[in-house]
Amino acid sequence: MVELICERFGETIRNYYQVIDDYIGELRASAEPGTAFLIISDHGMERVIKEGSEALHSGSHAQKHPDGIMIFSGPGIKAQRDKMVQGASLLDITPTILYYLGLPVAEDMDGEVLMELFTEEFLKSHPLKLIPTYEKKRKRIKEQASPLDSEMVKKLRALGYIH
């Protein structure tokens, strides 16, 4: 697919990614030492971003878009260029960020912490904290019929939405 696009548009797309990569490099160079970076795309071009110390991890959008990318670098992150994380999903990003920030991960989240991204030292000094959920308990409100309900049903029937 990438080859077909590049064949049709020449180097335009690759040049665009190079400009973005250069911009990311400028951001990293101007950041304070120890700054963490996380760049995510649910679809992208594999192996396009190639800055020396960035860790490139390719995952998927709920296992549907295998060309998605996640670049995660900073203290405690393994430096692995072009490393594929098998079975990774965009659903894993939130739990991974929560863990990295030292916040608890909710047990009811669909994703998982991508532990393989972290150095052994980071894993040892940052135990995984779990909580049941981040959802607030909602009071159930007893539904009450409204005089408008029967009128609304009649209109929906007349329009053919309800049989």
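Which residues make a nonpolar surface patch of about 300 Å²? The patch is made by L101, L103 and Y134. Patches comprise residues with over 30% relative accessible area and no salt bridge; like charges are joined within 9 Å, and nonpolar side chains (Val, Leu, Ile, Met, Phe, Trp, Tyr) within 5 Å. A salt bridge is a side-chain nitrogen of Lys or Arg within 4 Å of a carboxyl oxygen of Asp or Glu. L101 sits in the loop between α3 and β5 (105-106). At a relative accessible area of 56%, L101 is exposed. Buried denotes under 20% relative accessible area, exposed over 50%, and partly exposed in between (1.4 Å probe, protein chains only).

The model is predicted: local features need pLDDT of at least 70, side-chain atom pairs count only at pLDDT 80 or more, and totals for chains, interfaces and linings use all residues. Residues are numbered from 1 along each chain as its sequence is written, and side-chain values use heavy atoms, with hydrogens and water left out.

The protein chain holds 5 helices and 6 strands. Their order along the sequence is α-α-β-β-β-β-α-β-α-β-α. Helices (H or I, at least four residues) and strands (E, at least two) are DSSP runs, numbered from the N terminus. Of the 163 residues, 27% count as buried. The chain exposes about 11,900 Å², and carbon and sulfur atoms supply 57% of that area. Accessible areas come from the Shrake-Rupley method with a 1.4 Å probe; for residues, only the protein chains shown count as cover. Among contacts with a separation of 6 or more, 63% join residues 24 or more positions apart. Contact means heavy atoms within 4.5 Å.

Helix α3 (residues 93-100) is largely enclosed by the rest of the structure, because 6 of its 8 residues are buried. These are I93, P95, T96, L98, Y99 and Y100. Just after α3, G102 takes a positive phi of about 80°.

The largest nonpolar core has 15 residues. Such a core is a set of buried Ala, Val, Leu, Ile, Met, Phe, Trp, Tyr and Cys residues joined through side-chain atoms within 4.5 Å. F72, Y99, Y100, L114, L117 and F118 have the most contacts inside the core. β3, β4 and α3 each supply at least two core residues. The largest share, 4 residues, comes from α3. Beyond its neighbours within four places in sequence, L114 is in contact with M70, V85, A88, D92 and T96.

The whole structure contains 7 aromatic pairs. Rings of Phe, Tyr and Trp (its six-membered ring) pair if their centres lie within 6.5 Å; planes under 30 degrees apart count as stacked, over 60 as edge-to-face and the rest as tilted. The rings of Y99 and F118 have centres 5.0 Å apart and planes at 75°, so this pair is edge-to-face. Y99 lies in helix α3 and F118 in the loop between β5 and α4 (120-125), 19 residues apart. Both Y99 and F118 are buried. Y99 also pairs with F122: the centres are 5.8 Å apart and the planes at 80°, so the arrangement is edge-to-face. F122 lies in helix α4, so the pair ties together parts 23 residues apart in sequence. Ring pairs link F72, Y99, Y100, F118 and F122 into a cluster.

G76 lies in the loop between β3 (68-73) and β4 (83-89). G76 counts as buried, at 18% relative accessibility. The C-alpha atoms of G76 and S125 are 9.9 Å apart, across 49 residues of sequence.
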